[in-house]
Amino acid sequence: RRPRTTPLTPYNLLMPSDILASYYALSHSQRMRAAYELGLDPDNRAIIDEWEQGDSFARRLALQSIYGSHDGERAMRLCSDRSRLIRTMAVKLLARYGDLAQLRPVFLESSEKIRRCISRVLAEHGRRDIVDELCAALQSAGGDWQLLVPYATPEFIARHFALAFERAGVADWVRLSRQHPRL
């Protein structure tokens, strides 16, 4: 194992490009840890904002900083990044840290695969009530909301069971049994 290296100069005394250059000398895990720690301090927001506009390396570090800052707004912006890797990770971070107002537009504009990913991450983090709201919004928009019902709360499933599972396949029943074994 390599010893963890930390910058010798406080972040507020360096330019964002100098900080970024210092990250190249670190291992991947050290970079990810340093970006996380950078996100913990709200004073570093300007640095991360500049990285968000940079190359793929800088944008990846800006994305990693969300683990420290819990910045759902930044995750929402990065959901439309030109890099598929960054978009995919940003969607997961948005589901983890974003609020309903940030999630709704991304959710409604996304593909079925992305909606399922968002719903799964929300369920994993105990945010099934947001899945309820997103399913209701998708239903009112005329979308295919039934596929996401297994990630919702048991109360939502009970209210919409007949409609949600009238065309259910084996995969839907398996998903429901994994998410809600008592049901």
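Okay, let's start with a word we'll need: a residue counts as buried when its relative accessible area is under 20%. Keep that in mind while we look at this one, which is a predicted model.

First, the overall picture. The protein has 11 helices and 0 strands. Its C-alpha trace spans about 60 × 35 × 25 Å along the principal axes. Of its 183 residues, 46% count as buried.

Now, charges. Side chains of opposite charge can pair when their charged atoms come close.

Who does arginine 74 pair with? One partner is aspartate 49, with the closest N and O atoms 2.9 Å apart. Aspartate 49 sits in helix H3 and arginine 74 in helix H5, so this pair ties together parts that are 25 residues apart in sequence. Aspartate 49 is partly exposed, by the way, at 31% relative accessible area.

Another partner is glutamate 52, and there the closest N and O atoms are 2.5 Å apart. Glutamate 52 is in helix H3 too, so again H3 gets tied to H5, this time across 22 residues of sequence. Glutamate 52 is buried, at 9%.

Then there's aspartate 71, which meets arginine 74 in a salt bridge at 3.6 Å, N to O. Aspartate 71 and arginine 74 are both buried.

Conventions. Residues numbered from 1 in each chain as written. Predicted model: local features only at pLDDT ≥ 70, side-chain atom pairs only at ≥ 80, totals over all residues. Heavy atoms only, no water. Helix = DSSP H or I, 4+ residues; strand = E, 2+ residues; numbered from the N terminus. Buried < 20%, exposed > 50% of the residue type's maximum accessible area, 1.4 Å probe, protein only. Salt bridge = Lys/Arg side-chain N within 4 Å of Asp/Glu carboxyl O.
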